[in-house]
Amino acid sequence: MIRFNPPYRTNKELNNIRDAINNGNLSGNGKYTKKCSNLLSTYLSNPAKVLITHSCTAALEMAAILLNIKPGDQIIMPSYTFVSTANAFVLRGGIPVFIDIRNDTLNIDETLIEGAITKKTKAIVVVHYAGVACEMDKILKIAKKNRLAVIEDAAQALGSSYKNKKLGTIGDIATFSFHETKNITSGEGGALVVNNSKFAKRAELIWEKGTNRNLFFKGKIDKYTWVDIGSSFLPSEIVSAFLLSQLQNIRQINKLRMNKWKIYKKLFSKLSKENLIETQNIPKNVSHNAHMFYILVKDSYQRDKILNKMKKNNISAIFHYIPLHNSFAGKKFGKIGSKMNVTNSIHNRIIRLPLYPKIQEKVIKKIFNIKNNIINN
């Protein structure tokens, strides 16, 4: 079976895990968690605060708490995203307001944001789909004009940039994922990045279950106590031990992925030029991390035909997402803030192809030939 995205290993993960076990401290915020936080902070040019979490979902939930989301508050976001983007705010009583995406990048359509803003709007959540940046300058301008917070859901975007600014360093708050499907992984895992310093102190309290425990361990207070709402958002030291070696190799891993992404792009550009498919579009002012390679085919019938053929050839290819505005929970907890023409079309036509550092070129060519034969027939 050609897997969709088997995690990359640097061969240092197990040594780190053994060391963590031998240290005898496996709970959160130990030696390896601190190292991961410091390393990621340096990589992102030292934002106000970087906190490693047990998932990107947890980081998004922390963001919702930091923004004091209350019942009835509205949060503008794309419908074409993973459920955690919306769920984090629904848990606080917030109402996701779904708007359409751009056809070229599958990112939130910034031209539709202002039309969805109401007196109840509290924030804008942007999702950098496939590690390709949203149009951040225009979004920040809208947010400033309307006094809204901006959250970057950068789950797929570690190593990508917008106008030479690393994604995750542009909005007030950002979140990353280290799930096994991501470029950099710890199986499960994530990070909260605080760029607006006014949220930094409270973020640490929320991260530590609403206590000032971290100040106690720093020797700044003689005992710690419950001071705010929060939860157990920290990862274990075993997770952080695995993650450290991954973070130390961000550039190498993304470079290997990019080499394979370019092979896909070169092959499928032939079909794209003949208008038989659409391939990823990368705007001139951004650089991406080769998180995924996808194509857009004619319709759901052609998509399913290709996916079935891939499955018969033991190749794992997938499509996603079911748009949140069409889901049971999306209809119950959210509202639609624009027409959804692009979103409704895209989710029926997208195919994500296997992409990982060690995928062989001959496998990529095999995948191309399978699709080429179906598309041309």
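The second largest pocket is lined by 22 residues, and Asn 29, Lys 34, Glu 204, Trp 207 and Asn 214 lie nearest its centre. The model is predicted, so local features need pLDDT of at least 70 and side-chain atom pairs count only at pLDDT 80 or more, while totals for chains, interfaces and linings use all residues. Residues are numbered from 1 along each chain as its sequence is written, and side-chain values use heavy atoms, with hydrogens and water left out.

A pocket is an open set of points with protein on both sides within 12 Å along at least five of seven lines. A cavity is a set of points where a 1.4 Å probe fits but cannot get out. Lining residues have an atom within 4 Å of a point. Grid points are joined across faces, edges and corners, and a volume is the space filled by probe spheres set on the points.

The second largest pocket has a volume of about 400 Å³. Helices (H or I, at least four residues) and strands (E, at least two) are DSSP runs, numbered from the N terminus. α2, β1, α7 and α8 each supply at least two residues of this lining. The largest share, 5 residues, comes from α2.

Glu 204 and Trp 207 are among the buried residues of α7. Contact means heavy atoms within 4.5 Å. The buried residues of α7 pack against α2 (31-43), β1 (49-53), α3 (56-66), β9 (190-194) and α8. Just after α7, Lys 209 takes a positive phi of about 65°.

Asp 228 touches Lys 209, along with Arg 202 and Gly 210, not counting residues up to four places away in sequence. Asp 228 is found in the loop between α8 (213-217) and α9 (237-247). Asp 228 is buried, with a relative accessible area of 17%. Helix α9 is largely enclosed by the rest of the structure, because 8 of its 11 residues are buried. Its cover includes α1 (13-23), α2, β1 and α10 (250-273).

The largest pocket has a volume of about 480 Å³. Of its 24 lining residues, the closest to its centre are Phe 82, Ala 155, Ser 177, Thr 181 and Lys 182. The elements that give two or more residues to this lining are α3 and α4. The largest share, 3 residues, comes from α3.

The whole structure holds 2 cavities of 30 Å³ or more. The largest cavity has about 50 Å³ of space. Its lining includes Ala 155, Ser 177 and Lys 182. The second largest cavity has about 30 Å³. Lys 182 is also one of its lining residues.

Strand β3 (residues 95-99) is largely enclosed by the rest of the structure, because 4 of its 5 residues are buried. Two strands pair if DSSP finds at least two bridges between them. Strands β2 (residues 74-78) and β3 run parallel and are joined by 5 bridges. Pro 78 has Ile 99 of β3 as its bridge partner. The chain crosses from β2 through helix α4 (residues 83-90) to β3, and this β-α-β crossover is right-handed. Right-handed means that, with the strands pointing away from the viewer, the path from the first strand over the helix to the second runs clockwise. β3 is also joined to strand β13 (residues 335-336) by 2 bridges, and the two run parallel.

Technical notes. Buried < 20%, exposed > 50% of the residue type's maximum accessible area, 1.4 Å probe, protein only. 1 Å grid on protein atoms, 1.4 Å probe; cavity = no way out; pocket = protein on both sides within 12 Å on 5 of 7 lines; lining within 4 Å.
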